[in-house]
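Q: I have a two-column view open, sequence and model. Can you walk me through how to read it?

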Amino acid sequence: MGDLLVKDKELVIPGQDLATGMDFLPASGTFRDNDKIVATQLGSVSVNGRLIKIMPLNGRYIPKRGDIVIGKIVDMNFSNWFVDIGYANDAVLSSKEISVDYVEKGTDLSQYYDLGDYIAAGITNVSKLKLIDLTMRGQGLRKLTNGRIIKISSVKVPRLIGKEGSMISMIKDITECKIMVGQNGLVWINGPDGKKELLAVEAINLISEKTQEPNLTEKVKEFLEKRKKENV
Amino acid sequence: MYKKRSDGRKFDEIRPVEAKVGLIKRADGSAMFRIGKTIAIAAVYGPRELYPKFLQDHSKGILRCNYNMMSFSGSGERVRPGGSRRSKEISMLTESALSPVLDLSEFPGAVVDVFVEILQSDAGTRCAGICAAAMALADAGFNMKDLVSAVSVGRVEDKLVVDLDNVEEHYEDEREVADIPVAIMPRTGKITLLQMDGICSKEQLSKAMQLAQEACKKIYEVQKKALMERYKI
């Protein structure tokens, strides 16, 4: 029979044995070595039925098809923009993939997106060599003007969004800011005034620091309401 | 006859070990490893695109290590800054000691840089560097099959010793010393680095390897604790 050697949510390091026996299945962040399941990442264990996986605590964003990311235009040529999305390679946005119907040949692309602009884009394809294609066609995909951009670790994005978006919509409600979270860990915040934006930034940094704590949504809510009272 | 070690340790005893993870804020991962008076810090940056392009590997990312002794790290004499034949060699063997555990298949064409700096040296710097680098890579969140623990073992006259210090490494009769740095994957006990400076018999070598396995287990526990401490609630 299989035995679980660690508890759910326990912190483990690479090379640590997680379970013995064939009853459990290795998922992301783990591998099978004969009859053992071993961790390959630093993180907390998550046991879901027979599946064992690791929720990593640090690490780079790994692009997946269908993700919405926020990136910065770092280069362009006659028909493409190159976008830094926090991965090792820059992603490519073709002029055919922008929301404008038709881009005439020889148009100066900087009139749409210029160097240093931030955009919210969708990933349409990730090739085997990790060449990443982006698109601007889709709901909410656009150039991000006004507001501010902050960066958190991409592994903390699920926590920032919360279950069915509970965390992020709570922050939006209390701070009255428009917030957009890219899967790569870049967050765009645009509020009615700088104070409210800063409040949202503080809340997001708090989540990023205390990712592992239970009942985080409640704690952040408490924090935000307290800070709001102090200010008003 | 080698009767007593200069610091009064037992022959199979390692020097006091201390480890800390996450001390360089701007790095993707970082760690400090101290064994006795030897201190190493490691910082990981990347993955980032590798240039010149012909060095890129399109099936996986590349690990690039850089070992450096700080100019004030020596005992007395100032260490001449910049690379040397020795630092180049140790950079290379750090790479080959770590790459068996590291999985960079998610990052084709990219490079992961590991910078190992020796703040203070008292023998065993390459082993301390490897220990620190392994922790820093784990801290950066890379997929790793295992951690790597390293220690030097050896022979002084008739005795097998673990974790040689500077006094032993520069023993009065240099023919009577063998210094064997070993890096081990603690889970499987497999060896990723094995060098020897000096001579010893076949029997002594295999005995020394057993001692290295034992010592690495102790070092592994310290590394593990340091990594856990970093993310403790």
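A: First, the ground rules. This is a predicted model, so local features need pLDDT of at least 70 and side-chain atom pairs count only at pLDDT 80 or more, while totals for chains, interfaces and linings use all residues. Residues are numbered from 1 along each chain as its sequence is written, and chains are lettered from A and ligands numbered from 1 in the order in which they are written.

Q: How many helices and strands does chain A have?
A: Helices (H or I, at least four residues) and strands (E, at least two) are DSSP runs, numbered from the N terminus. Chain A has four helices and 16 strands. Chain B has four helices and eleven strands.

Q: What boxes do the C-alpha atoms of chain A and chain B fill?
A: Take the box along the principal axes. For chain A it is roughly 65 × 50 × 25 Å. For chain B it is roughly 55 × 40 × 35 Å. The radius of gyration is another guide, taken over C-alpha atoms; the globule rule is 2.2 Å times the number of residues to the power 0.38. With 233 residues, the rule puts a compact globule near 17 Å, and chain B agrees at 18 Å.

Q: What share of each chain counts as buried?
A: Count neighbours. A residue is buried if 20 or more other C-beta atoms, placed from the backbone, lie within 10 Å of its own, exposed if 12 or fewer, and partly exposed in between. In chain A, 39% of the 232 residues count as buried. In chain B, 49% of the 233 residues do.

Q: How do I read a helix such as α3 (residues 194-209) of chain A?
A: Start with its span. The expected value is 1.5 Å times one less than the number of residues. Helix α3(A) has 16 residues and reaches 22 Å from first C-alpha to last, close to the expected 22 Å. Next, find its buried residues: A:Glu197, A:Leu199, A:Ala200, A:Ala203, A:Ile204 and A:Ile207. They sit on the same side of α3(A) because they cover an arc of only 160 degrees around the axis. That arc is of the directions from the helix axis to the C-beta atoms. The face turned away carries exposed A:Gly194, A:Lys195, A:Asn205 and A:Glu209.

Q: Which residues are buried in α2(A), and what do they pack against?
A: Read α2(A) the same way. A:Met167, A:Ile168, A:Ile171 and A:Thr175 are buried. Their arc is only 95 degrees, which puts them on the same side of α2(A). They pack against α1, β15, α3 and α4 of chain A. Exposed A:Ser166 and A:Asp173 lie on the face turned away. Just after the helix, A:Glu176 takes a positive phi of about 55 degrees.

Q: Where does A:Met136 lie, and is A:Met136 buried or exposed?
A: A:Met136 lies in the loop between β13 (132-135) and β14 (148-151) of chain A. It counts as buried because it has 20 C-beta neighbours inside 10 Å. A contact means that two C-beta atoms, placed from the backbone, lie within 7 Å. Beyond four places in sequence, the contacts of A:Met136 include A:Leu93, A:Ile98 and A:Leu141.

Q: How many residues does each chain give to the contact between chains A and B?
A: Chain A gives 19 residues and chain B gives 28. The side of chain A has nine nonpolar, seven polar and three charged residues. Here Ala, Val, Leu, Ile, Met, Phe, Trp, Tyr, Cys and Pro count as nonpolar, Asp, Glu, Lys and Arg as charged, and the others, Gly among them, as polar.
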